[in-house]
Amino acid sequence: MDPCHDTLPWVDSSRMAIRLGVWILGLIEVLNPGVLIAQESGPARVLIVGDSHTAFTFGRALHENLLSETGIRPSTFASCGSKISHWLNGGWSSNCGFWSRSEGEESHYWQSGHPTPRLGALLDEVHPSHVVIALGSNHLWRSPGLDNAEEEIRQTIAAVKARGAQCLWIGPPRMLTPTPAQVERFYRALRGIASRPEFRCHVVDSRNWTRYPTGSEGDGTHYDRGDLRDTARSWARQSTLVMRTWVRATIGRRAAPGRSSDSGSPGASPAR
């Protein structure tokens, strides 16, 4: 055997292993895009903004759950009573509670007088890869109502996409006030906008995991008293599972303004 021209068997085996490894890595990227990118992109920075549901039992449980998730760093800002416009325009202070917990910090709570920050300012401050909007309940019974909310939904999603972040919207839970019919109106409007190519955003239907029994200890809207708190924690657990799947599927991808790599809603249609 001529050592200058013939290749030893173990050399052939090493080369074959290298070729096989390259082929497997290529196959992984084809079957599950974003997996290889995720190893280089680091953890997902998730910005969450919401109203009273996020300021209390549900939102605090959701944040705690996300802290235990590998590769997710949440920052939550929640203003009781807030509407979408308050986050778009600023200049409004909650009189029933503001709660926040930024990445790597302890939580902070103000009973009243804390201004609701503008979404644009939070996007610039946090630089999130993923944004979760948990708003809508306060549009269902306050003037000017749903018509104005539709334009505000468009502006909110557009602001998220303009920063190249992935978008997920956690819709309102089941409530007695507003009525189920009013909540359904909001979901129809939200889905109609979020499913359009230029506004593509995942929609999570919280009604799948919430029930509000007549005669319960609550006020008909919130899940922060008695057994309703268990429902809020269960709602938070299920939302965490959806967000885990969403983040893992999109980590390392930058959503181009006006378009998104998302493909539908992780939340199933509500049980009737």
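This report walks through the confidence, the nonpolar cores and the aromatic pairs of the structure above.

The model is predicted, so local features need pLDDT of at least 70 and side-chain atom pairs count only at pLDDT 80 or more, while totals for chains, interfaces and linings use all residues. Residues are numbered from 1 along each chain as its sequence is written, and side-chain values use heavy atoms, with hydrogens and water left out.

**Confidence**

The average pLDDT (the predictor's confidence in each residue, from 0 to 100) is 82 for the chain, and 76% of the residues score at least 70. Residues 1-40 have a pLDDT below 50, and this stretch makes 18 contacts beyond near neighbours in sequence; a contact means heavy atoms within 4.5 Å. Residues 259-272 are also below 50, with 41 such contacts in the model.

**Cores**

A nonpolar core is a set of buried Ala, Val, Leu, Ile, Met, Phe, Trp, Tyr and Cys residues joined through side-chain atoms within 4.5 Å. Buried means under 20% relative accessible area, exposed over 50%, and partly exposed in between (1.4 Å probe, protein chains only). The largest core here has 34 residues, and Leu-47, Trp-87, Ile-153, Ile-157 and Trp-169 have the most contacts inside it. Among the elements that each supply at least two of its residues are strand S1 (44-50), helix H7 (146-162) and helix H8 (180-194). Helices (H or I, at least four residues) and strands (E, at least two) are DSSP runs, numbered from the N terminus. A second, separate core of 24 residues includes Phe-58, Ile-72, Leu-168 and Ala-236.

**Aromatic pairs**

Rings of Phe, Tyr and Trp (its six-membered ring) pair if their centres lie within 6.5 Å; planes under 30 degrees apart count as stacked, over 60 as edge-to-face and the rest as tilted. The count comes to five aromatic pairs, and the table shows two of them.

| Pair | Type | Centre to centre | Between planes |
|---|---|---|---|
| Phe-56 and Tyr-109 | edge-to-face | 6.1 Å | 65° |
| Phe-58 and Trp-235 | stacked | 3.7 Å | 15° |

Phe-56, in the loop between helix H3 (52-55) and helix H4 (57-67), and Tyr-109, in strand S5 (residues 108-110), are 53 residues apart. Tyr-109 is partly exposed, at 35% relative accessible area.

Phe-58 lies in helix H4 and Trp-235 in helix H9 (residues 228-250), so their pair ties together parts 177 residues apart in sequence. Phe-58 is buried, with a relative accessible area of 2%, and Trp-235 is buried with a value of 2%. Phe-58 and Trp-235 also belong to one aromatic cluster with Tyr-212 and Tyr-223.
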